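Please keep the sequence and the model in view while reading.

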Amino acid sequence: MSDHPSQALAAFAAQLRYEDIPPAVMARAEDLMLDWFGSALAGRNGRPVQCIESFARTMGPGPGCGGAEVLISRRTTTPLFAAMVNAASSHYAEQDDVHNGSVFHPATVVFPAVLAVAQANGASGRELMTAAVAGYEVGIRVGEFLGRSHYRTFHTTGTAGTVAAAAAVGRLLGLTPERMLDAFGSAGTQAAGLWEFLRDAADSKQLHTAKAASDGMMAAYLAAEGFTGARRILEGKQGMAAGMSRDADPARLTDGLGTRWATAETSFKFHASCRHTHPAADALLQAIVAEDLRPEQIAAVTAHVHQGAIDVLGPVVDPRTVHQAKFSMGTVLGLIAQFRSAGLNEFDEAYADPRIVALRDKVTMVLDDEVDGAYPARWIGKVTVTTTDGRVLKARVDEPKGDPGNTLSRRELEDKALRLARFGAAASDDEMRAVFERIWHIGRTPVVGYFLARGETR
């Protein structure tokens, strides 16, 4: 292990080249970009997203300034404010990607930042994608380093995500290893995001991603100007781990750099809910399909879960908003039981339906030693279903839908992106198909340019 892991990680991010990245990993990065793009459009009409967009309009530049695209409004503005809005929007529908081992959503902080800077600076597709991979590789390792104790209180996407965004933008700006380390220092000292918002159905989750993307960008741009940052912000005696973790493992920061591609380990989200609900949702769906169960035949459901699921989902007992319902295991499993789906429309139309509430109240979470022991590297799903006629049914899944071993094909990703764009009423099917073609060939794009905007600045 390096005696200065922050420095080793910064050097890797600064020196990563497109040619260093295996073709299969780059193909995965393209898949992840498309998946993110759809999620960004799906958040268009979310009230918290609109609040942040209103703030960006108020505080942003006047006409004639900009160069980066706000996807949900098709206006252009500075990279800082474009990244802020796009990051908030892409985390709203709960359909953005997740890396299991770090419990981190990379796309929602990495792609808003690198797309904005690439558009403003006239970067190529290869430069954008290399920077994105640098952000994924750094952010995932920081999340793994901070450990399970960190996630119990802190939203890793807000904390590790700030460093990920700094790494991605720093690579796009061509920072040297020394300046990249400065960017890490400035990013880490700004990193924040607490789970308390779930208890109140507050809007903070969108603020976490908006700030992670924009603060990481700020850190990288300041470093380019010579602004210095703490050199051991991650593992130092008063660094992130010291204040935010009880089980930090510095070896995780440099684990397999250049040989283990964490980007390719990232999962897609199939259900429109918190990832902690997905394993149990898949297992329940398996039981329902196998036995052709009707909702009224279900007397009780026990979801066998890891401690992280209890920590995050446990406080949500009586969800009062659609977003809070996505963190309710009972609501998610109720939708699965009623509709065999927990998608965007099911949540919007039925989370408070008396039938779903009745099913929600039949669901219990219990800590399972096997599931908890495998987490976070593996997210096993196990449920026990008791039927009204006294049968006890058990089901399990070892890889939820969307995991690398049970992934979504490009056709499935395109179908998902179309659904997300329709949900947000943010782009036509024809516009989305044009986006697909651009992303699938982004490595051959000399200048990234706009995807939906027409170049107007408002």
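Asp 403 is located in the loop that runs between strand 6 (392-397) and helix 19 (410-424). The model shown here is predicted. Because its relative accessible area is 4%, below the 20% limit, Asp 403 is classed as buried.

Beyond its neighbours within four places in sequence, Asp 403 is in contact with Asn 100, Ser 267 and Arg 275. With Asn 100 there is also a polar contact between the two side chains, at 3.3 Å. Asp 403 and Val 98 are 305 residues apart along the chain, yet a distance of 9.1 Å separates their C-alpha atoms.

## Cavities

In the whole structure, a search finds three cavities of 30 Å³ or more. The largest cavity holds about 80 Å³ of space. It is lined by 14 residues, of which His 105, Tyr 151, Cys 274, Arg 275 and His 276 are the closest to its centre.

What classes of residue form the lining of the largest cavity? The lining has eight nonpolar, three polar and three charged residues.

In soluble globular proteins, nonpolar side chains tend to be buried together. The largest nonpolar core of this model has 105 residues, and those touching the most other members are Phe 37, Phe 111, Phe 184 and Phe 451. Helix 6 (residues 125-153) supplies the largest share of this core, with 12 residues. There is also a second, separate core of 47 residues, including Phe 197, Ala 287, Ala 309 and Val 316.

## Buried helical residues

Helix 15 (residues 329-339) is largely enclosed by the rest of the structure, because nine of its 11 residues are buried. Among the buried residues of helix 15 are Met 329, Val 332, Leu 333 and Ile 336. Just after helix 15, Arg 340 takes a positive phi of about 60°.

Thr 157 belongs to helix 7 (residues 156-173). Is Thr 157 buried or exposed? Thr 157 counts as buried, because its relative accessibility is 0%. Leaving aside neighbours within four places in sequence, the contacts of Thr 157 include Phe 104, His 105, Thr 108 and Val 109. Thr 209 and Ala 212 are also among them.

## Backbone exceptions

Most residues other than glycine have a negative phi, and most peptide bonds are trans. Val 103, although not a glycine, has a positive phi of about 50°. Val 103 is found in the loop between helix 4 (79-90) and helix 5 (107-121), and its relative accessibility of 8% means that it counts as buried.

Ala 425 also has a positive phi of about 50° and is not a glycine. This residue is placed in the loop between helix 19 and helix 20 (429-440).

Which residues are joined by a cis peptide bond? Tyr 375 and Pro 376 are joined in this way, with omega at about 5°. Pro 376 lies in the loop between helix 18 (369-374) and strand 5 (381-387).

Methods:
Residues are numbered from 1 along each chain as its sequence is written. This is a predicted model: local features need pLDDT of at least 70, side-chain atom pairs count only at pLDDT 80 or more; totals for chains, interfaces and linings use all residues. Side-chain values use heavy atoms; hydrogens and water are left out. Helices (H or I, at least four residues) and strands (E, at least two) are DSSP runs, numbered from the N terminus. Buried means under 20% relative accessible area, exposed over 50%, partly exposed in between (1.4 Å probe, protein chains only). Contact means heavy atoms within 4.5 Å. A polar contact is a pair of N or O atoms within 3.5 Å; within protein, one must be able to donate a hydrogen and the other to accept it, and residues adjacent in sequence count only if both atoms are side-chain atoms. On a 1 Å grid over the protein atoms alone, a cavity is a set of points where a 1.4 Å probe fits but cannot get out, and a pocket is an open set with protein on both sides within 12 Å along at least five of seven lines; lining residues have an atom within 4 Å of a point. Grid points are joined across faces, edges and corners, and a volume is the space filled by probe spheres set on the points. Ala, Val, Leu, Ile, Met, Phe, Trp, Tyr, Cys and Pro count as nonpolar, Asp, Glu, Lys and Arg as charged, and the others, Gly among them, as polar. A nonpolar core is a set of buried Ala, Val, Leu, Ile, Met, Phe, Trp, Tyr and Cys residues joined through side-chain atoms within 4.5 Å.
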